[in-house]
Amino acid sequence: MDSREVAEMAREWSAALVDCGGVPTSVPPDIRQLTTRWIVTLEAALSAESFDPSPACRVGVEMVRSNLTVPAMMTPTAAVLAGLLERSRRPDRAQRFGALLGELGRGYTTELLDVHARSQEAAEQRFRVVFDNAAVAIALYDDYGITLEANATTARMVGMNQEDLPGVSALDLMHPDDRDKLRHVVVGLLKRRSGTAHLEGRFCRPDGSVCWGAWTMTLVHDADGRDVRVLAVGEDITERRAMQQKLWWEARHDPLTGLPNRHCLLEQLEAIVAAARPGDHIGLCFLDLDAFKKINDRYGHHAGDSVLAEVGRRLDATLTSPTVTPARIGGDEFVALLAPPCDDDTAHAAAETMLATLRDPVPVGPGDLLSISASIGAVVTPVAGANAEKLLDEADVGLYRAKAAGRGTWVLHRTDNGPAAGQ
């Protein structure tokens, strides 16, 4: 073949490869030079006195290494290279051409498989690096929940050696009270045969400690889609939950006495209102220390805080019934919430108990004891359909009446039958 024929065939082959490539940038920019060199190589092998088809194998390898990896490229390649057969004058040209195409295909396929294998190996290596060094726990389970593989972070999280985890049931790692939760999540995934689910629950370490974890679980299918695995990615959230619980508690409790605060009291009232039946009554006993300002003025605010803390401690230690909730709602005001069923006698007993807690003097300094008293306004009121804030306001009415009646007294106010006083 002369140079003009080689150039024409190279142009035709290059154009065909570009058309098959889909994205032009996937075809090397020097494609014309490459096809020219490959045509010269193949023509030389076809025309040689001693036939050796191996150069065609090398051309196939070079095609893959030049990013010509679209399988559809082999069809126009064979059609274009058929021009070599047409131009050859050798009597065995058909056999030689067939052998050249076979070797070109072998080189192309072998190198393509090697590229895929290297790519998979690199992907596996990258995955292994991520798996082994991830800051999150990663574990793979079979459809029975048995651990197949787990990374070092998982081992640290559950307090076990990494080599001991394969073969361990995920259920055995969970707290007994949270195992049904795990079963429900996994069974749901298996029924859907796809998707992702989230779970927060407790797990038990070999040392007996109970911790909290959060997991995202994904169903993974094998190549033929028959076997499934559960991939779990999780983290230890023990400290986060402890902080959340601490913040939750602090938002609902008085920092000085540890008693529930107004916010917490309103939440409990709202819960009682929501669950109340017709005819249910609650009681609220508002306690206000008499002349508390004089304590602060005479002994200082530190002493005043000591008095409030002691009053809170006494109320908490005395009002121990599960139907009674003592609370501090601000300043020197304390409240006892009496859950249904509540009547006048229940409120009477609670008010008397609260006043009785203040009979003993309160220490306010080294060797100093202070006698204190309080007034209590109590209310017994229907609760079904009531407004929690309004219930507290109604109890305040009784407190004002108690203050007006003198120190160390209590007044009961019924919203349905009018006021009744006691002391």
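Ala291 sits in the loop between β6 and α11, where helices (H or I, at least four residues) and strands (E, at least two) are DSSP runs, numbered from the N terminus. Although Ala291 is not a glycine, its phi is positive, at about 55 degrees. With 30% relative accessibility, Ala291 counts as partly exposed, a class that lies between buried (under 20% relative accessible area) and exposed (over 50%), as judged with a 1.4 Å probe and protein chains only. Arg193, in the loop between α8 (179-192) and β3 (196-204), also is a residue other than glycine with a positive phi, near 65 degrees, and Arg193 is partly exposed, with a relative accessible area of 37%.

A further backbone feature is the cis peptide bond from Pro340 to Pro341, with omega near 0 degrees; Pro341 has its place in the loop between β8 and α13.

## How to read the values

This is a predicted model, in which local features need pLDDT of at least 70 and side-chain atom pairs count only at pLDDT 80 or more, while totals for chains, interfaces and linings use all residues. Residues are numbered from 1 along each chain as its sequence is written, and side-chain values use heavy atoms, with hydrogens and water left out.

## Nonpolar cores

A nonpolar core is a set of buried Ala, Val, Leu, Ile, Met, Phe, Trp, Tyr and Cys residues joined through side-chain atoms within 4.5 Å. The largest one has 32 residues, of which Leu289, Val307 and Ile372 touch the most other members. The elements that give two or more residues to this core are β6 (281-289), α11 (292-299), α12 (301-318), β8 (333-338), α13 (344-356), β9 (362-365) and β11 (374-382). Another core, of 27 residues, lies apart from it and includes Ile31, Trp38, Val80 and Leu81.

If neighbours within four places in sequence are left aside, Val307 is in contact (heavy atoms within 4.5 Å) with Leu289, Phe292, Ile295, Val362, Val364, Leu370 and Ile372.

## The largest cavity

Rolling a probe the size of a water molecule over the atoms shows where empty space is left. A cavity is a set of points, on a 1 Å grid over the protein atoms alone, where a 1.4 Å probe fits but cannot get out, and its lining residues have an atom within 4 Å of a point. The largest cavity holds about 30 Å³ of space, and its lining is made of Leu42, Leu81, Leu84, Phe97, Leu100, Leu101 and Leu104. Both α4 (74-87) and α5 (93-133) supply at least two lining residues each, and α5 gives the most, with four.

Definitions and conventions:
1 Å grid on protein atoms, 1.4 Å probe; cavity = no way out; pocket = protein on both sides within 12 Å on 5 of 7 lines; lining within 4 Å. Points joined across faces, edges and corners; volume = space filled by probe spheres on them.
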